[in-house]
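Reader: I'd like a close look at one part of this protein, and then a quick tour of some other spots. Please keep it chatty, but spell out the cut-offs.

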Amino acid sequence: MSDIYDRSSGRVHSVKRYKAASSFNIMQKNPDKSLYYFDSSAGILFLILQAKHVRKGHSYCSKHGCERVKILSHVISWESSDCLRKGHPVKHSGEPVHLITLTGRVAAPCRHCGAPQVAITSDPHTVYIKIEIQSQSPGDVQNGRKFSFIKVNDEVFLAEKAGLLFVMVDACSGDILSRQYFDTAHTLQVADSIANYIQETIRERSIALVSSRGDLGWALNYVSSAFLRLGAAKPINFFKEACPDQDPDLHLWNPGHNKEHRVNIGHNRKLLLSSSATVHSIRIVDGGKLVISDGNEETIILRTRSILIEDGGELHIGSEDCPFQNDVTIILYGRSDEETEELHSYFGLKYIGVSRGGTLELHGAHKLSWTFLNSTLHPGGMSEGGYYFERSWGHRGIIVHVINQIGEVVHSDRFDTYKSKAESKRLAEYLDRVKEGMIISVAVNDEGSTVLDDFAKNVLSKLGSKYFRHLGFR
């Protein structure tokens, strides 16, 4: 698999899984399709690696992050293999795609090349100051990063609240002259203090180090020209990212309550929902955008059968830097057995679906996660792993637990009746083998009706199920 790792935020995005190519030539002809080829006779894995984004300056990574490839192998033999000694057969060799001529070695001394002067020398008598600065955006703060800092040699200055931290260093001696922290929670009052500090307190021949944390507010923009004295090329813009519902291009949209209203938001329409509404369905496409207002005292309740977001459509409830502070409720109404409604080929009948090219942003206020335990949690868990659940396609289908009279899980299994008809037969045979007196728990994860045949439904009905005969898609 491949992904992009953003070192500044610690996030991973653009995850792709490589697929196996049937031959070496097919992999070579499709360099953009994330294919790999494993030569089982030689025991060698082939990949075509090419960066998708341009490097940022002199960094090894782009502005999107560092592109990575992860390879996981399952070795079933204890025998080691010396790939370098064995080499690889010539059968996969071919003509090079591109020929690049390398410049020859210059015999004469180089003139008029390189930097006009030595920027950093190896003179042992020259001592350099080691400086490290880390600022944090509102998103970093919400994600749990505790402080920004300025580090001069081995001395660290921390800032744990939203604001600006100044550290002044003597440009000649390298000594720390002063440090000052400004809490920007009260922006209007502190703006003048920052301007006075820059104009009156900072000495000439000083190196000014500045770190920020959190939301600095709009009011600091009025004193941003003061930073010109510190060497800024232009007044600094203390930009506060606007909340999604503050976008001036949004048009107020209050459709009321009409269960027959099929809403289609497209052609770059941007709508702001500021009151409760009931509609039949919502489709957001072709540059359309729907934003839920965060300025209401009452909870906004949106009732609809489905929401489909695709091909450039966007739905926003808050943002990473501006979490939604109030309450909003989306209710998907209707019955799963209503034959009058059109069934989506992938999402089914009742859904919030994001298809190719769609964007869904849901960001609520940061809260502490919690749960209840209804019994003592012992180390090691139950023998069948009852303490853990993993969200993945690997757990799709019908999940069965066999429980004895004292509540212990004695056996469990999963049957992917979405993918394979053989799984439906295996489910029926499994249930027939359960001893009399046992309790059977049956649940569906994601989808389990596609290839569930009548034979398996009959077995489930004999055990007392009233619903499996009417099990619908998702």
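Leaving aside its neighbours within four places in sequence, which residues is glutamine 136 in contact with?

Author: A word on the ground rules before the answer. This is a predicted model, in which local features need pLDDT of at least 70 and side-chain atom pairs count only at pLDDT 80 or more, while totals for chains, interfaces and linings use all residues. Residues are numbered from 1 along each chain as its sequence is written, and side-chain values use heavy atoms, with hydrogens and water left out.

Now to your glutamine. Once neighbours within four places in sequence are set aside, glutamine 136 is in contact with Val141, Arg145, Lys146, Phe147, Ser148, Ser212, Arg213 and Gly214 (contact means heavy atoms within 4.5 Å). Glutamine 136 sits in the loop between strand 7 (131-134) and helix 3 (138-142); helices (H or I, at least four residues) and strands (E, at least two) are DSSP runs, numbered from the N terminus. With a relative accessible area of 4%, glutamine 136 counts as buried (buried is under 20%, exposed over 50%, partly exposed in between, using a 1.4 Å probe and protein chains only).

Glutamate 361 is partly exposed, its relative accessible area being 30%. Not counting residues up to four places away in sequence, glutamate 361 touches Leu315, His316, Ile317 and Gly318. Glutamate 361 and isoleucine 317 are 44 residues apart in sequence, yet 6.0 Å apart in space, C-alpha to C-alpha. The side chain of glutamate 361 also makes a polar contact with that of histidine 363, at 2.5 Å. A polar contact here is a pair of N or O atoms within 3.5 Å; within protein, one must be able to donate a hydrogen and the other to accept it, and residues adjacent in sequence count only if both atoms are side-chain atoms.

On to the rings. Rings of Phe, Tyr and Trp (its six-membered ring) pair if their centres lie within 6.5 Å, with planes under 30 degrees apart called stacked, over 60 edge-to-face and the rest tilted. By this rule the count comes to nine aromatic pairs. Take tyrosine 346 and phenylalanine 347: their ring centres are 5.1 Å apart and their planes stand at 85°, so this pair is edge-to-face. Tyrosine 346 is partly exposed at 41% relative accessible area, whereas phenylalanine 347 is buried at 17%. Elsewhere, ring pairs link Phe24, Tyr37 and Phe46 into a cluster.

Tyrosine 333 has charges over its ring: the charged end of lysine 259 sits 5.2 Å from the ring centre, and that of arginine 303 sits 4.9 Å from it. To qualify, NZ of Lys or CZ of Arg must be within 6 Å of the ring centre and within 35 degrees of the ring normal.

Three strands form an open sheet in the order 2-1-6, with antiparallel pairing (two strands pair if DSSP finds at least two bridges between them). Strand 2 (11-16) and strand 6 (66-69) are the edge strands, each pairing on one side only. Strand 1 (residues 2-6) pairs with strand 6 over four bridges, and isoleucine 4 has glutamate 67 as its bridge partner in strand 6.

For the whole protein, there are six helices and 27 strands, and buried residues make up 30% of the 474 residues.
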